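Student: Can you walk me through this one? I'd like the chain contact, then the ligand.

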Amino acid sequence: MEFLQLAINGIALGAAYALVALGFVLILNATGAVNFAQGDLVAAGGFLAVALAGFLPVPGLLLLPLVVILMAGLGLAVSAAAYWPLRDRPPVAVFISTIALGIVIQNGLNGLFGAEPRAAPPLFSGGHLEFFGLVIARQSLAIMGVAALLIGGVQLLLKHTQLGRRLRATAQDREVAAALGVPVGAMVALTFALAAALAGVAGLLLANQFFITPTHGTDFIVKAYIAVVIGGWGRVGGALAGAMLVALFETVVAAWTDYAVATGLLYAALLTILVFRPQGLFGEAEGRRA
Amino acid sequence: MAEALLTVAGLTVAYADVRAVEGVDLNVSAGEVVALIGANGAGKSSLLKGLMGLEARVQGNITFAGSDLAGLSPLRRARLGIGYVPEGRRVFPGMTAEENLLVASREDSAARTVRTAEMYALFPQLAVRRHAPAWQLSGGEQQMLAVARALMTRPRLLLVDEPTLGLAPATAQSVIRVLRGIAASGAAVLLAEQNARAALATADRAVLMRLGRIEASGTAKAIAGDERLLRSLMGG
Ligand SMILES: Nc1ncnc2c1ncn2[C@@H]1O[C@H](COP(=O)(O)OP(=O)(O)OP(=O)(O)O)[C@@H](O)[C@H]1O
Ligand SMILES: [Mg+2]
């Protein structure tokens, strides 16, 4: 029973991490670069929700569309500042510029909100539900629901729309996509917008249960990075599964041992995977990538 | 003679340490297949990339359908009606054959579906493999897909880079036949080939390249008849 309880908390946490990791992978595929600011965008989304709640005392669910729109705008700004000027340079240049941008975001949040932990409103309302003796936070259920909808929505977009095909073609061969008339610059900018929106939603979701501080972003990017390595660099499905695994370590394994031991075990698992399956746990399941 | 669809004058394409194309003059008219023949490293691919806007260091004049292409991005050139079949096929590996076709279309969804069906009529083998990821297709199927993908854009000029390389003769023939058909329907085709025999058998005119320059040009028939010229060109 206790295991089930923990597993549910872990899955909810993993669902939020999955949003972060999904955005990370989309940018990785579109540009070849690691967007190190993705974690700070989670923090930015959390604080944006905190700030919006100050003006609009409504449930988080109603703030969610605002967070999506504003964060997408911030994503466009990130691509304009950290990617566009360096688009013809090696991906490592973009990686470094996103590190710098992440620091700017951290300091900006610190200046605006201070270093104190803050909490965003819950999606519906706080409190718990009881099922057969399981006590489940409403917010956990809401996180799972929202994340599942968003992840499903992104999959639908990528697989079944012309825009999604263009995003994927840009990720797989930018030069050829351009030669076929795909507006590749706009596709990359949109990918940044999408990734920032996903990070922002994760921030809104997590800032209720776990609070948020301006430097919290570093935690999130490390977790997303681990999830993507475990899942197979660049694989969407793998990253989602990797995010779940990271969160289950943090909840289930941490409850059996303690948080520090669980983190140590997670890194040990990561190293083991890198040594024995460098292509990631889910490296072959989805077929070859560009 | 009618105005050429594509006119190239004094085209030079340079890389950091070499000039891959130097002072090339060329024109291609609607309805004709022009073969661009040359050995390894002659500069065929660099010329096509220069025309498509994929190389940074390009000099000279390119006029397409009355527009000066100088400074235009590949995107703009594609939208003016230039289609491109890259060397080595370069299909989008993680997308299905059908998605590779659909993504290239700039029409609405209904027209896209119609055009896809036309491509399947042209290459029935692609219809069979439509739901397979492109990386799983055979080399010949990938080549057909790369040609069909470019045709999805309804180009007025098709640039095709070595479409028969590595293909079984029958497959190579069917790809070449399709190119002939495209020209018959009024588009212009510029076909780069090392395989001089196959290219000359299809083309109306031919241009022979060596070391970035045009060595000779004329009707495909005249060039095909000049054994000595061909042998010296392909020999080195
Ligand atoms: N990206 C590049 N950077 C530097 N040099 C290049 C590049 N691409 C081609 N070259 C050089 O330019 C010259 C022409 O090459 P190109 O690929 O255009 O020839 P090609 O006729 O297409 O040959 P092939 O039949 O082998 O495809 C060669 O000397 C080649 O080494
Ligand atoms: Mg070539």
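Tutor: We take the interface, then the ligand site. This is a predicted model, where local features need pLDDT of at least 70, side-chain atom pairs count only at pLDDT 80 or more, and totals for chains, interfaces and linings use all residues. Residues are numbered from 1 along each chain as its sequence is written, chains are lettered from A and ligands numbered from 1 in the order written, and side-chain values use heavy atoms, without hydrogens and water.

Student: How many salt bridges between chain A and chain B?

Tutor: Three. One joins A:Arg168 and B:Glu99, at 2.9 Å from N to O. The rule is a Lys or Arg side-chain nitrogen within 4 Å of a carboxyl oxygen of Asp or Glu.

Student: Now the ligand. Which residues are closest to ligand 1?

Tutor: B:Lys44, B:Ser45, B:Ser46, B:Glu87 and B:Glu162 are the closest of the 14 that surround ligand 1. Near means a heavy atom within 4 Å.

Student: How far is the polar side-chain atom of B:Ser46 from a ligand oxygen?

Tutor: 2.5 Å for B:Ser46. An N or O atom in the B:Asn40 side chain is 2.8 Å from an oxygen of ligand 1. For the side chain of B:Gln194 the distance is 3.0 Å.

Note on methods. A polar contact is a pair of N or O atoms within 3.5 Å; within protein, one must be able to donate a hydrogen and the other to accept it, and residues adjacent in sequence count only if both atoms are side-chain atoms.
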